[in-house]
Amino acid sequence: MKRILIGLIVAAALGAGGWLGFNLYVQHRATSEVEAAFERLRAGGSKASHGKITFALATRTLTIEDIAVEPAQPQFATFKVAKITAVGVHQPDEARFSADSIEASGVELGFTSTERITVKANYKIPQISARDFSGSTRVAGTPVAGSIIDMYRFILAQYGTISASEIAVPTLAVNVDAGRNAGSGDYVYSGLSVQNVNRGKIETAKMDRVTYTIDLAQPGKPAKMTGEMSGLAIYDFDATAVRAALDQQGLNDDNFHRIYRRISVNSYVVTAAPGMRMQVDGFTFDDIAIRPSKFRPAEIIALVPADGAIPTPAQSRDMIARVADFFEGFQIGKVEIGKQTVETPQGTGRLSAVKYGQDKVALEGLDMPLPQGQLKIERFALKSFSASNLMRWAASLQTSGQPPSPDQMLGLFRVLEGAEIKGVVAPYKNTRQLFTVDTISLNWGQLVGSIPSRANLVVKMVTPTDPANPALQPLTMAGIDKLAIDLDLGAGWTESTGAFALAPATIDLGSLARAQARLALANVPRGLFTTDPVQAMSQAAQVETGAFELSLRDSGVVDLVVAQFARMQNVSRDTARSAIVEMIRAQGEKIAGSSVDARGAVAALAGFVETSGQTLTLKLTPRAKVPLMQLMQLIQTAPDSALAQFRIEASTGL
């Protein structure tokens, strides 16, 4: 029995010695493999060092201390880590390794860019943790030319080799030094948590808060801007699409690739000069995508003048054109920006929301101070909005030493398809009265060159009658202090038939009158839609006059005219009305001559004035082809001959 016990003790001692020896062997192998990785960095010209390395076999825990890497290429970031601890380390093959968890402390990165201007950035991360981590044992690719775009491409390449169920960074501090250029400052990111990283794709990334202080670098006016963003969340990020766009081989890819499903922020506050503060109560961006053939940030960076020099007009035009290309390669499905508040020394402005979707951008609930009072706008919208097209149009206006041509100015019609404004309340000049707009809507389309051949304008508004305006004095003298305007005006041209129609054409002046008109033209050529006046005049010779219809409803305008005439002549209103009727008949006789139709129209007009509250209906139909240019000449030289070209139907009724 004693011998058996001694044998067991000897076996246990030998086993312990074997375990310790195997542990030493495993730690030696782990140290050798880590050193081999550092040696590969040194072989590329980088300076790489590390401190103590330990490996615990029972938990497969690898610990490396005092890591320092200084790459040979100056465009790379220097890298320091006080300590890395990886638990549950495995190496399925020579190219990859994995760990159940990784903890890194005392992480520092330093980056210097000398492209165009010198910018230094220093990143400090007290702690990083990752779970279910898998990554490459080798560096993926190398930069080509050393530009900042190459650096981003290189980082994305490394990012595309890792996966993890979670990555957490409690705090990240960044200091940026741009020298004398604007942009120097400090940034602090708090509470970063990334879920389900899979070789360049992220399911969710959230950050509790971002704060920053930026030097605006204004000559003679040192100023700083501070900001705070809370509740940042990113969903379904795809770095592979960004990397493909930055790759030269992707320049022929004209398809859109989604890089974000959604980006959202709970709140954003910016403070600039004293008394200047902006706050946004959250925003969301949905379905952000890029098109590699147009998404070329390197070309834009190359256009930025070095050392902050002011670009020449030619450089500005080229830069705007390249930025327009960039926007063509950038697509956002929907944008919603919540309530915004802007505080200034002059007062506080507010905007309830900004919305973008389906090529329409809208501002809602604007409330801002003006010197005369408060301006309020319920909604302002632009239809068929395109940032790239708008920038191209703006670039076309910048012709060195020459004012924009009419064709260039009209190019705005190619950028948009309409605009709408609703619910406007604004102070009227320096009075206490208000100018209000229910709706102003303008739409156009069917362009011929840069000129629309179809348009519609709707206006519903109320404007005060200004006593200082001589044209409005009859209204103010009659006690009318506000004028309600309801306008619906439409026009369209049909190329196949050459017909042009002004319809509808309706204006309602509230308590004064309501008029409806319709005008038709025939044989209108395409060449008439031009900014060249010589060509327009030659083409106008082909246009023929069509039918004209007018309906005028008296709601008080006749009594207003009579009252004004009575005051001017110092007679009674009945006497003034009779005098006006006689003037109409006398002047009408001269114009009408022997035309029975014209005499009937004169009689209808006289009857319209003679009895208030009536509706005057007038219709002119061409007796034969009437060239428009010829008719306009006749109206000036021989009005009776002009009327003779038409069959006239006129009537009045209550």
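This passage walks through the overall make-up of a predicted model and then some of its local features.

The chain contains 15 helices and 29 strands. Of its 654 residues, 35% are buried. Contacts between residues at least 6 apart in sequence give a sense of how the chain folds back on itself, and 57% of these join residues at least 24 apart.

Helix packing comes first. Two packed helices are described by the angle between their axes and the distance between the axes. Helix 5 spans residues 313–328 and helix 6 spans residues 387–397; their axes come within 8 Å and cross at roughly 165 degrees. Because angles over 145 degrees count as roughly antiparallel, helix 5 is roughly antiparallel to helix 6. The crossing of helix 5 past helix 6 is left-handed. On the side of helix 5, the residues that make the contact are R317, I320, A321, V323, A324, D325, F327 and E328. Helix 6 contributes A387, S388, N389, M391, R392 and A395. Sorted by class, this contact has 8 nonpolar residues, 2 polar ones and 4 charged ones.

From helix 11, the contact draws on V558, D559, V561, V562, A563, F565 and A566. From helix 12 come R573, A576, R577, A579, I580 and M583. The classes here are 10 nonpolar, no polar and 3 charged residues.

The loop between helix 11 (557–569) and helix 12 (573–592) holds N570. Phi of N570 is near 55 degrees, which is a positive value in a residue other than glycine. With 70% relative accessibility, N570 counts as exposed, because the cut-off for that class is over 50%.

A positive phi in a residue other than glycine is also found at N523, where the angle is near 60 degrees. N523 sits in the loop between strand 26 (513–522) and helix 10 (533–540). Is N523 buried, exposed or partly exposed? Its relative accessibility is 40%, so N523 counts as partly exposed.

The structure holds 6 aromatic pairs. A pair of aromatic rings is described by the distance of the centres and the angle of the planes. For W493 and F529, the ring centres are 4.9 Å apart and the planes stand at 50 degrees, so this pair is tilted.

A cis peptide bond joins A503 and P504, with omega at about -5 degrees. P504 is part of strand 25, which covers residues 499–508.

V361 lies in strand 19, made of residues 360–370. Its relative accessible area is 16%, so V361 is buried. Leaving aside residues up to four places away in sequence, V361 touches K355, Y356, F380, A381, L382 and F385. V361 and A419 are 58 residues apart in sequence, while their C-alpha atoms are 9.8 Å apart in space.

T213 is found in strand 10 (residues 201–215). With a relative accessible area of 30%, T213 is partly exposed. Which residues does T213 touch, not counting those up to four places away in sequence? They are S184, G185, D186, K224, M225 and T226. One of these, G185, is 28 residues from T213 in sequence, and the C-alpha to C-alpha separation of T213 and G185 is 5.3 Å.

Notes: Residues numbered from 1 in each chain as written. Predicted model: local features only at pLDDT ≥ 70, side-chain atom pairs only at ≥ 80, totals over all residues. Heavy atoms only, no water. Helix = DSSP H or I, 4+ residues; strand = E, 2+ residues; numbered from the N terminus. Buried < 20%, exposed > 50% of the residue type's maximum accessible area, 1.4 Å probe, protein only. Axes fitted to C-alpha atoms, helices over the stretch in contact; angles between N-to-C directions. Parallel < 35°, antiparallel > 145°, perpendicular 65-115°, else oblique. Left-handed = near helix turned anticlockwise from the far one by under 90°. Contact = heavy atoms within 4.5 Å. Nonpolar A, V, L, I, M, F, W, Y, C, P; charged D, E, K, R; others polar. Phe/Tyr/Trp six-rings, centres within 6.5 Å; stacked < 30°, edge-to-face > 60°.
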